[in-house]
Amino acid sequence: MAVAPGIAEGKVLIHQQEEEALPFRDLQESELDAEVARFEAALFATRGELKALQERLAQSPAAGDAGIFDAHLLVLEDPSLIEEVFRLIRKERHNAEFVFHSVSQKFIRTLASIDDPYLRERAIDLEDVTRRVLRHLLGKSGQRLGGHDRSHIIVADELTPSDTATLNRDNVAGFVTEKGSKTSHTAIMARALGIPAIVGLENITSRLENGCTILMDGYSGKIFLNPSPETRAGYQSLAEQKEHVDEGLEDLRELDPVTWDGRRITLAANIEIPEELDEVAASGAEGIGLYRTEFLYFNRTVPPDEEEQYAVYRQVAERVAPHPVIIRTLDIGGDKPTECLDLGHEENPFLGCRAIRFCLRHPEIFKTQLRAILRAGIHGNIKMMFPMISGLEELLHAKALLAEAASELRDAGTPFREDVELGLMIEVPSAAIMAGMLAREVKFFSIGTNDLLQYLMAVDRGNERIAHLHDPANPAVVRILKSVVDAAHEAGIWVGVCGELAGDLEFTPLLLGLGIDELSTGAAMVPRIKKAIRSLDMEACRQIVGHALSGDRAAEIYARTTGLARTRYPDLF
Ligand code: PEP
Ligand code: MG
């Protein structure tokens with residue numbers, strides 16, 4: 001799986017996670033206080049080390065990812081872990097290394113066994129922190145990966161976020177790992193640092209040897225051992241071509257996303273955390289089309305209060321002004337659990353009490369966020385939208401709570417914006433069917449295609465075995481999207497797409513043909529989508545939709561949209 005683009009050639013450097021030989025000692029009663037103090041000192045030193053790493057990262061191009069270490073710092077403060085170690089040192093009378101290692105392994109095993117990508121990431125965080133604390137206890141701190149020049153490609157079973165934090169474009173050419181996914185911290189970091197990366201290559205550490213030469217293709221996920229002169233030459237020209245395309249895209253920053261024949265689309269960016277705003281500004285996006293606020297609720301034990309949320313939303317609004325920021329209210333649940341809110345156990349979390357359903361059941365949590373958004377509204381161009389609305393009653397219920405939040409602020413004399421524009425995410429088929437009625441209650445629609453396709457075709461969006469069914473070219477998808485766009489336009493409101501489809505170059509012709517007014521996607525894709533829009537004309541795009549509505553099958557719909565895309569902007573593929 002290619003997770004960070006780019007091409008690199010270099011000598012293999014196999015990175016083994018050093019297995020510390022753990023000392024084991026029985027202690028006397030008189031030694032226990034000193035042992036507890038030694039453990040406390042190691043925690044303190046690890047905290048200092050993480051803070052220093054975090055600061056270093058904050059000044060690098062990967063500044064947005066410095067927050068990763070917040071999760072590590074939280075581990076050091078987790079009372080269930082730390083106090084258990086204190087307790088066991090005294091009870092079992094063993095040395096701190098041994099006790100800490102066994103307690104943390106127990107936690108890691110539990111986290112790693114739960115079938116949840118988020119919790120598995122936490123297990124990696126815990127493993128990473130454990131290694132650091134042990135190094136301090138053993139007096140071996142400060143060992144680092146990196147310090148190599150660009151002639152090496154790191155090959156590892158797995159790299160932890162702190163491993164990758166010690167890497168930069170000058171000391172490594174690329175990296176290849178056995179474990180990991182597109183959303184793992186390591187992949188996020190590689191993209192942020194601009195280092196090509198490939199993950200998921202089984203047994204690669206035992207199939208390569210230190211010092212052998214490989215060429216890696218971070219676009220397709222291939223590696224070549226001892227590449228031939230022809231392979232090299234082929235990739236050399238591909239690398240030059242990609243560089244040329246990227247340079248060309250920079251010239252587009254100040255230009256409008258407009259088709260040949262004058263149709264102007266709004267092109268915005270999606271963000272999860274405010275640290276992404278630099279990249280958004282550089283991309284030329286016209287504001288934020290989706291701010292996934294649930295990320296503010298991750299990696300913590302207490303949910304953010306009104307003041308904290310107000311400060312964050314205000315900061316985002318001020319940075320993005322005069323462009324709009326569309327704040328999506330809390331979309332927790334499904335594949336996005338958090339420790340700070342008790343979601344309870346559910347058999348089918350994607351069909352369970354997630355997003356707006358959770359908020360309507362917990363009006364105080366919801367209204368805290370709504371008050372923060374309304375207050376931040378005076379500092380910029382804020383709009384808000386509700387996720388996962390399934391029908392009119394739910395929308396009216398949410399609007400009633402919004403009115404309550406406003407009146408609470410009014411009664412308290414707290415300044416806020418009365419007319420924050422309200423929109424609705426269309427991601428449940430029943431809402432799509434009732435779009436005409438719902439459109440009378442809001443100012444805009446934003447279609448969440450990730451979930452809409454999942455619920456329309458009963459395909460778990462995270463299950464790789466049925467991923468082929470999560471197909472935007474399915475004629476049922478085209479029909480439902482067309483009916484939503486028509487319903488919105490008849491009611492005089494605009495409609496955008498903020499799911500991953502908005503950043504899929506193969507489908508830009510189809511989306512334009514449907515009459516979509518706004519596309520919102522990850523900042524890295526914004527310049528590419530702009531180029532796609534500027535290479536298309538509405539007539540050709542509408543024809544694709546015409547054929548799709550009059551009987552094309554999925555394969556034909558796909559062939560037409562990708563065919564037009566590949567003719568008009570072949571260099572982007
Ligand atoms: C979607 O469902 O398409 C969407 C944008 O929301 P999320 O991916 O956060 O569920
Ligand atoms: Mg969604």
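**A friendly note on the ligand site and the cores**

1. Let's start at the ligand. A backbone N or O atom of Thr449 lies 3.1 Å from an oxygen atom of ligand 1. Keep in mind as you look that this is a predicted model.

2. How much of ligand 1 does the protein bury? Taken alone, ligand 1 exposes 290 Å², and 99% of that is buried by the protein.

3. Now look at who surrounds the ligand. There are 15 residues around ligand 1, and the closest are Arg292, Arg328, Gly448, Asn450 and Arg461. The side chain of Arg292 has an N or O atom 2.8 Å from an oxygen atom of ligand 1. For Gly448, a polar backbone atom is 3.4 Å from an oxygen atom of the ligand.

4. What kinds of residues make up this shell? Eight are charged, four are polar and three are nonpolar. Helix α17 gives the most to the shell, with three residues.

5. Next, please turn to the nonpolar cores. The largest one has 111 residues, and Phe386, Phe445 and Leu519 have the most contacts inside it. Helix α18 (residues 475-490) supplies the largest share of this core, eight residues.

6. Leaving aside residues up to four places away in sequence, Phe386 touches a set of residues including Ile356, Phe366, Leu370, Leu395 and Met425. Among the others that Phe386 touches are Thr329 and Lys399.

7. Finally, find the second core, which is separate and has 31 residues. Ile89, Val99, Val129 and Leu137 are among them.

Definitions and conventions:
Residues numbered from 1 in each chain as written. Chains lettered and ligands numbered in written order. Predicted model: local features only at pLDDT ≥ 70, side-chain atom pairs only at ≥ 80, totals over all residues. Heavy atoms only, no water. Near = heavy atom within 4 Å. Polar contact = N/O pair within 3.5 Å; in protein donor to acceptor, adjacent residues only side chain to side chain. Areas by Shrake-Rupley, 256 points an atom, 1.4 Å probe, with all protein chains shown as cover. Helix = DSSP H or I, 4+ residues; strand = E, 2+ residues; numbered from the N terminus. Nonpolar A, V, L, I, M, F, W, Y, C, P; charged D, E, K, R; others polar. Core = buried A, V, L, I, M, F, W, Y, C linked by side-chain atoms within 4.5 Å. Buried < 20%, exposed > 50% of the residue type's maximum accessible area, 1.4 Å probe, protein only. Contact = heavy atoms within 4.5 Å.
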